[in-house]
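Here's a quick walk through one model, with a few spots worth a look.

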Amino acid sequence: MLRIFIGVLGAVTALFPDKIVALFEKLVITNPSEGTLKEWVNPAIRSEGILVALISFLGGRSYVWMMNLTGAFGAVVLVFPNLYRKFATTLLYERPDAIEWNERFTTVVRSIGAVYVFLAAKMYRDRRKET
């Protein structure tokens, strides 16, 4: 069930990368209209969505690997949200200094990180139960 849900989220991300970015920016950036994404960002998000959907629907070892990677990323974001902010701003925006993150940033990003860690831990636990 979880695998299908993640696959559907990947498909939605692949179909609507600009809306996913707009939603994230609306939640955590004070001045989303000031930020100009680098031109490769939306195609990269679309590609990530396709990959997540494909891996989720196929399952197997690649899905386990993806969930482990997701958990590791989630742990970093959960523990070091400001490091993520600096890295993401520099990586994704043409003028990173123009981006103003709002006070909800840490809460939203840590929440996402916690969900990623939880999902990876659940996947790990479920795999161990099978053996």
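Trp101 sits in the loop between helix 5 and helix 6, with helices taken as DSSP runs (H or I, at least four residues) numbered from the N terminus. With a relative accessible area of 15%, Trp101 is buried; buried means under 20%, exposed over 50%, and partly exposed in between (1.4 Å probe, protein chains only). Its C-alpha atom is 19 Å from that of Gly74, 27 residues away along the chain.

A word on ground rules: this is a predicted model, so local features need pLDDT of at least 70 and side-chain atom pairs count only at pLDDT 80 or more, while totals for chains, interfaces and linings use all residues. Residues are numbered from 1 along each chain as its sequence is written, and side-chain values use heavy atoms, leaving out hydrogens and water.

Over in helix 4 there's Val76, partly exposed at 41% relative accessibility.

Now the salt bridges (a side-chain nitrogen of Lys or Arg within 4 Å of a carboxyl oxygen of Asp or Glu). The count comes to 3:

| Pair | N to O distance |
|---|---|
| Glu34 and Arg95 | 3.9 Å |
| Lys122 and Asp126 | 2.8 Å |
| Asp126 and Arg125 | 3.3 Å |

Shared partners join Lys122, Arg125 and Asp126 into one network. Lys122 and Asp126 both belong to helix 6, 4 residues apart, or about one turn of the helix. Arg125 is partly exposed, at 46% relative accessibility.

What about the nonpolar surface? Ile4, Val8, Val12, Leu15, Phe16, Ile20 and Phe57 make a nonpolar patch of about 610 Å². Such patches take residues with over 30% relative accessible area and no salt bridge, joining nonpolar side chains (Val, Leu, Ile, Met, Phe, Trp, Tyr) within 5 Å; areas come from the Shrake-Rupley method with a 1.4 Å probe. Helix 1 gives the largest share, 4 residues. Phe16 lies in the loop between helix 1 and helix 2 and is partly exposed, with a relative accessible area of 40%.

Definitions and conventions. Patch = residues over 30% accessible without salt bridge, like charges linked within 9 Å, V, L, I, M, F, W, Y side chains within 5 Å. Helix = DSSP H or I, 4+ residues; strand = E, 2+ residues; numbered from the N terminus.
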